[in-house]
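Please read them with the structure open beside you.

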Amino acid sequence: MDNPLSSPPNYRTLSEQLQNHVQESELNLRESEERYHKMIEEVQDYAILLLDIDGNIQNWNRGAQKIKGYTEKEIVGRNFRVFYLDSDREDQLPERLINEAYTTGRATHEGWRLRSDGTTFWGSVVITGLHDADNNIIGFSKVTRDLTERKLAEDQIQEYARSIELRNKQLEEYAYIASHDLQEPLRKIQVFAEMLHNNLDDKEAALRHLDRISASAKRMSQLIKDVLKYSQVSVTEELFEDVCLNQVFEGIKEDFDLLILEKGVTIKTKGLGTVKGIPIQIHQLFNNLMGNAIKFCSQTPLIKVSAQPLSAFMAAQYPELRQEHNYTIITFKDNGQGFDPQYADQVFKMFKRLTNNAGTGIGLALCKKIVEHHGGHISVVSQPGVGTTFTIILPVD
Amino acid sequence: MSAYIKNYHIYPMAKYPTLLLIDDDEDDRDIFAIALKTAEPDAKLITSANGPDALEKLAEGAQPDFIFIDLNMPYMQGGKCLEEIKKIDRLKDIPAIIYTTSSSKQDAEDTLKAGASYFLVKPTSLSALSDILSDIMTGKAIEYFIEVTA
């Protein structure tokens, strides 16, 4: 079209031409706006919406419907807080994001969001402030992508990395065992065999060396058995089930009946209830604790075991516990020899023996591993000459 | 062969040295005594089953020329025992030798840093131990080195 201003000065024509031009421009603008709206509306992979200054939803697109599940009719006019989990709403996450976008012009966030049917998706959100000609904020654009698949894949990779890390740590532990503790009896067997070889004529000395060889071999065998038990804790395929602790303790009293009788041990149990666990491991756990308590008992041994539900307040002190589970806290208390509190962390380490006893030094390490495999927690306090108290937290559901 | 790594090159040599062995393992104390008899029949051996007991013996005036310390011991770990000994003025220059089943590089580094003269992995042969003791006592234990594992 010709420039109307370059046409002959016919005012009527000029006015018509101008009018036409304005009309055409308006039409172009409307078409462009419609195309733009259409584009936003048709985008399926992004929820693109307009929020007013208070976070109320002004428009809706197909992506939003696809990702969040609401129809335009259901959602326009409602506040965007509706997409957030209860816990995030309590933490005022939506308000914080709006505030951030208000003050800095932009806010980004990734997290679980709610669909209309109550299911969740992992949303990646960008909220951007919209300004008028005077630079006042008049609302916000909010673009959300559903990255649930990516999030799940990432979680899976992380879980995989964690399990590899755990396996590596276990391999390191076994390498350590092989290089240290299994070497010890082997070395002794070699040295005593050499001594035997040098003393074949001295029957008495020879027998002494043979006894020591045999004792070392026995110790080696016990070590290997214990290490195997330890290594099998986390590879077991057994299912977790309700384990009645009273039954467990009845079994353990039978395991130790001769020693209990011989040393005059009194065992009192109270309100033990059930835990969710692998029966054989729970048995092993308390069997080891009982074995220790009896081994290091006093003149009048008394062992008290009690349990009570773990309160939410207490549970918060243990970050490794999971919020969705209920736990019981079991106290295993003896009045035995006890030990210096400075060793409280060391007792759970493999092969750390605090005294010269016949043990292999794996017992309490095994206890810790079992408890951790059940997602629980074990700790100990002790006082020499007074006694030792183990505190064990295990899930009940 | 099982050998050892060293911190110092030259040791004070005593004609008939006195050795202190701190080891909770009775078998190992016996093995050490027998090997020492072969290496130097006139050497004197003091033994102790744990750190606190050894420190008591030292406090009472025992004056060894060499101190051998096991690492994994009840009551007091060997590393701690070494530290305590190095705090005693009269004993701080006496060669302290870590004598252990462990062949951990970390243990070796830690104890050498804490002032141990040698990190000796308990040999699997009596005659090897006897040779090493002889070399340590005569100050010849310069050429040996150890294979430590991570």
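1. In β4(A), A:R145 is the bridge partner of A:Y46. That pair belongs to the antiparallel pairing of β1(A) with strand β4 (residues 137–146) of chain A, which runs over six bridges. Strands here are DSSP runs of E of at least two residues, helices are runs of H or I of at least four residues, and both are numbered from the N terminus; two strands pair if DSSP finds at least two bridges between them.

2. On provenance, this is a predicted model, in which local features need pLDDT of at least 70 and side-chain atom pairs count only at pLDDT 80 or more, while totals for chains, interfaces and linings use all residues. Residues are numbered from 1 along each chain as its sequence is written, and chains are lettered from A and ligands numbered from 1 in the order in which they are written.

3. The pairing in point 1 is part of an open sheet of four strands in chain A, with the order β1-β4-β3-β2 and antiparallel pairing. Because β1 (46–51) and β2 (106–114) of chain A each have a single partner strand, they stand at the edges, and one side of each is left without a neighbour in the sheet. From one strand to the next the twist averages 25°, with axes taken as lines fitted to C-alpha atoms (for helices, over the stretch in contact) and angles running from 0 to 180 degrees between N-to-C directions.

4. A further open sheet in chain A has five strands in the order β6-β8-β9-β11-β10, and its pairing is mixed. Its edge strands, each pairing on one side only, are β6 (266–270) and β10 (377–383) of chain A. Within this sheet, strand β8 (residues 302–309) and strand β9 (residues 327–334) of chain A pair in the antiparallel sense over seven bridges, and A:K304 stands opposite A:K333 in β9(A).

5. Turning to helix packing, the axes of helix α9 (residues 245–255) and helix α11 (residues 279–295) of chain A come within 10 Å and cross at roughly 50°. The two helices are therefore oblique to each other (under 35 degrees counts as roughly parallel, over 145 as roughly antiparallel, 65 to 115 as roughly perpendicular and the rest as oblique). In their contact, A:V248, A:F249, A:G251, A:I252 and A:D255 of α9(A) meet A:I282, A:H283, A:F286, A:N287 and A:M290 of α11(A), where contact requires C-beta atoms, placed from the backbone, to lie within 7 Å.

Conventions: Contact = placed C-beta atoms within 7 Å.
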